[in-house]
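Take a walk through this model, one region at a time. Keep the sequence beside you as you go.

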Amino acid sequence: MDLPLILRRTPRFVVYGAGQVAARRVPSLLNSGCQVTVVAQQAHADIQQLAERGDVEWQQRQVSPSSEQFDGDCWYVLALDDASLNAILAKQARACGAWVCRADSPDDSDFYFPAVIDRSPVLVTVSSHGTSPALTRYLRQRLDTFLPAEIADLGNFVARWRQRVRQTLPLSQRKSFWRQWMRSVAPERVLARQHDAAESLTLEMLDGKQVQAGEVYLVGAGPGDPDLLTFRALRLIQSADIVFYDRLVGNPILDLLPRDAERYYVGKARSDHAVPQERINQLLVEHSQQGKRVLRLKGGDPFIFGRGGEELETLADAQVPFQVVPGITAAAGCAAYAGIPLTHRDHAQSVRFVTGHLKNGSCDLPWHELAHPDQTLVIYMGLAGLPQICQQLIDHGMSPYTPIGLVENGTRPDQQVHVSTLAQMPAYIHRREIQPPTLTIVGSVVSLSERLNWR
Ligand code: SAH
């Protein structure tokens, strides 16, 4: 069984060979503060440069086993092209009590280097027992994407407070303090760069106060495909105690919630009775004040036709801390997944997002501004009013042949893209069973969909 260790005292390294492997290894040894000697007749340009700068000692010579001197206090990395030569040197170095890593043979190595994610002071190392560098690199990459970019801030924050905690609390209480701290909302405040709030929370906890500090995360869940979530959205979804979600947030995203998170649906029910907005605002405040991490999950982006602003105003009035995480709005998601670039130098120089929601059966929009040849028009919530929208655009001067696209269930497995013209779309949808959510895109960019639709 291997023994993973992190060395705090840096040994002296001697690297035999100065090719690709050495060129990768030597800089990381130098970064860790090691002294490095390289022995090789020829060296990779990077190593030559390090030697010229005086960062490494390069003994430029032919390696000959009969005259090599080994030092039991040094660690040896054998990275020569010649495996039998590496084997002989390994034997000789060990005979002097030195430790050896053979780049070409994990089995004949006393130590090897793990893959490292260095977000100092946080260090994550990955290894696959020396068997597969490719697997190790793959795992490192996967882990890297899951570590918040601000994890180093968290490390520094904890390091700063460690001393203070040590002075304030007896040994017996420190462990449980930190466990409680890690489970509290304080780390998330650090990650959200709300450092002052994190400081005062930590101080209160250190004073032994029962901290009932909840918060609200207003998170955009994107248009449906869970792969379109941001890293931050995923992290906050996974840390929620309770979630209030809308109709447009589908099961693949809800599946990412912790199993024990309370879930409340606050969108329109089948009976079409939505939880009134004021009640939702109130629920967010009440639950966060009970010390919970409240996730408010919305389809698309919370600030685009999402009433996110209204919910935040209530939170701000009640002095509830919150974060907002942008999501991919339906326009961006549907356009990308339907192969319709929203702007294009040959077609549209601007794009406009409007809501086609009907009020008292009619759709009240500034039509003369919308009927514009070089502009793409994206209409949210416009299915019911579509015949009216098409007619108004034609009446206000748009060509009846203007392409119009309807993206049904955009970015989801059952996405459908319907393309027609302003004149014919009303009849087209009349003949088909089209299900919401749908997004309407008007403008000549829609004609590109036929060629660019990649789904
Ligand atoms: N905040 C959301 C929009 C909410 S309004 C966002 O930024 O996307 C709801 C409207 O968004 C729907 O009526 C529909 O027009 C559009 N929409 C949301 N998700 C969609 C999807 N997956 N496919 C098509 N349209 C979608």
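Predicted model: local features only at pLDDT ≥ 70, side-chain atom pairs only at ≥ 80, totals over all residues.

Helix H11 (277-289), strand E11 (293-298), helix H12 (308-317), helix H13 (330-338) and strand E17 (438-442) each supply at least two residues. Where does this pocket lie? Both domain 3 (215-325) and domain 4 (331-452) give residues to the lining, so the second largest pocket lies between them.

Stay with Met 381. This residue sits in the loop between strand E14 (375-380) and helix H15 (386-395). Its phi is positive, about 55 degrees, although Met 381 is not a glycine. Most residues other than glycine have a negative phi. Met 381 counts as partly exposed, at 44% relative accessibility.

Pro 437 lies in the loop between helix H16 (425-430) and E17. The peptide bond from Pro 436 to Pro 437 is cis, with omega near 0 degrees.

Now turn to the largest pocket. Its space comes to about 2,200 Å³. Among its 50 lining residues, the closest to the centre are Arg 25, Tyr 112, Phe 113, Pro 114 and Val 116. Helix H1 (20-31) gives the most to this lining, with six residues. Other elements that supply at least two residues each include strand E4 (74-78), strand E6 (115-119) and strand E7 (122-126). The lining holds 27 nonpolar, 14 polar and nine charged residues. Pro 121 is in the loop between E6 and E7. The bond from Ser 120 to Pro 121 is cis, with omega near 5 degrees.

Look at helix H6 (residues 171-183). Phe 177, Trp 178 and Trp 181 are buried. They cover an arc of only 95 degrees around the axis, which puts them on the same side of H6. On the other side of H6, Ser 172, Lys 175 and Arg 183 are exposed.

Further along, Arg 193 is in the loop between helix H7 (186-191) and helix H8 (195-206). Arg 193 is not a glycine, yet has a positive phi of about 60 degrees. At 57% relative accessibility, Arg 193 passes the 50% cut-off and so counts as exposed.

How values were computed. Residues numbered from 1 in each chain as written. Heavy atoms only, no water. 1 Å grid on protein atoms, 1.4 Å probe; cavity = no way out; pocket = protein on both sides within 12 Å on 5 of 7 lines; lining within 4 Å. Points joined across faces, edges and corners; volume = space filled by probe spheres on them. Helix = DSSP H or I, 4+ residues; strand = E, 2+ residues; numbered from the N terminus. Nonpolar A, V, L, I, M, F, W, Y, C, P; charged D, E, K, R; others polar. Domains from an automatic or database assignment. Buried < 20%, exposed > 50% of the residue type's maximum accessible area, 1.4 Å probe, protein only. Arc of directions from axis to C-beta.
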